[in-house]
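I opened this model with my notebook beside me. These entries record what I looked up, in the order I looked.

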Amino acid sequence: MMIIFNQIYRYFRDTQSVSKFQQFILTLMRLRLDVPLQLLGYIFGLHTSTVSRIFQEVINIRLVPIFVFWPEREELRMTLPVSFREKFSKCACIIDCFEIFIQRPSDLQARADTYSSYKSHNTVKYLIGIAPQGVIIFISKGWGGRTSDVHLTENCGFLANIIPGDVILADRGFTVSESVAFCNVELKIPTFTKGKQQLSALDVETSRVLASARIDVERVIGMVCQKYSMLESTIPITLLHTDQSCNLTTLDKIVRVACALINIYPSVVPFD
């Protein structure tokens, strides 16, 4: 915690009512425990509006360039877990999407764009990519929950990171083989059963191995949301306004900071 604080405290605003360390702790409490603004105001002796301002200012200090970045291919190869070396030695990234509940927008178009039939709720959807080592190396901006996984993958900037020869692991919903093929990259997804009475023994085994490797991204997503329980609550509309200086919403910043902090934890993927 102190290592992170020492990296970013110089960007905090000097105030007489609360120290820089208190600003840091206040923000972590809001992220980690989803403590209401009113309670934080009582704990730190501040007005609710002041707590909200401090939280948004600290969240705006982006940890992403420091802790979330796409590594060089050599780094990926050198630290590849043993479980990947035989079947997926060229794997660069494992991708998946996750959704965060938001309040129901009053605007009808926004309500339609954010309604997720999968979650039966208004949501914001993110594409996340992890290295085989379990480290988050990509997080997209938030998209309306109605957006398909394919459209999100093709338009969020993810494809700009992959290079020829890479292998990407994904779930069945990510039918973006043609898009990645333009980059001379291979996409591996479980075999479809549609139109087949049953899969061959080879397809079953291949899908089993792939699912075993791909489960790591779901574990990382679970860690992000469980460790920072604010992301498991229903996010108010006020956190979805876009900051024109960086073209990110406050929720985008919160998700990115949570991913950056998760990268400091021990990996969910054993190296051996």
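**Entry 1: L46**

I started in the loop between helix 3 and helix 4, where L46 has its place. Helices here are DSSP runs of H or I with at least four residues, strands are runs of E with at least two, and both are numbered from the N terminus. The model is predicted, so local features need pLDDT of at least 70 and side-chain atom pairs count only at pLDDT 80 or more, while totals for chains, interfaces and linings use all residues. Residues are numbered from 1 along each chain as its sequence is written, and side-chain values use heavy atoms, with hydrogens and water left out.

Is L46 buried or exposed? L46 is buried, at a relative accessible area of 12%. Buried means under 20% relative accessible area, exposed means over 50%, and partly exposed lies in between (1.4 Å probe, protein chains only).

I then listed what L46 touches, leaving aside neighbours within four places in sequence. The contacts are S17, V18, L26, G41, V51 and I54. Contact means heavy atoms within 4.5 Å. V18 is 28 residues from L46 in sequence, and their C-alpha atoms are 8.4 Å apart.

**Entry 2: helix 3**

Next I stepped back to helix 3, residues 37–44. Its buried residues are L37, L40, G41 and F44. Why do they sit on the same side of helix 3? They do so because they cover an arc of only 105° around the axis. The arc is taken from the directions that run from the helix axis to the C-beta atoms.

The buried residues of helix 3 pack against helix 2 and helix 4 (48–59). On the face turned away from the buried side I found the exposed residues Q38 and Y42. Just after helix 3, G45 takes a positive phi of about 65°.

**Entry 3: the strands**

I turned to strand 1. Of its 11 residues, 10 are buried. Strand 3 is mostly covered too, with 9 of its 10 residues buried.

How many bridges join strand 1 to strand 3? I noted 8, and the two strands run antiparallel. Strands count as paired if DSSP finds at least two bridges between them. D96 has I128 of strand 3 as its bridge partner, and C97 has L127.

Strand 1 also pairs with strand 6 (residues 167–169), in the parallel sense, over 3 bridges. There, I94 is partnered by L169.

Strand 2 and strand 3 run antiparallel with 2 bridges. Y115 is bridged to N122 of strand 3. In their hairpin, with 4 residues between the strands, S120 takes a positive phi near 55°. Strand 5 (residues 143–144) pairs with strand 3 in the antiparallel sense, over 2 bridges. K125 stands opposite W143 of strand 5.

**Entry 4: the largest pocket**

The largest pocket holds about 580 Å³. On a 1 Å grid over the protein atoms alone, a pocket is an open set of points where a 1.4 Å probe fits, with protein on both sides within 12 Å along at least five of seven lines; lining residues have an atom within 4 Å of a point. Grid points are joined across faces, edges and corners, and the volume is the space filled by probe spheres set on them.

Which residues lie nearest its centre? Out of 26 lining residues, these are C97, F98, E99, Y118 and K119. Strand 1 (91–101), strand 2 (115–116) and helix 11 (201–227) each give two or more residues to the lining. Strand 1 gives the most, with 6.

By class, the lining has 10 nonpolar, 7 polar and 9 charged residues. Ala, Val, Leu, Ile, Met, Phe, Trp, Tyr, Cys and Pro count as nonpolar; Asp, Glu, Lys and Arg as charged; the others, Gly among them, as polar.

**Entry 5: the second largest pocket**

The second largest pocket has a volume of about 310 Å³. It is lined by 13 residues, and M1, I4, L28, Y228 and L261 are the closest to its centre. Helix 2 gives the most to this lining, with 5 residues. The lining has 12 nonpolar residues, no polar ones and 1 charged.
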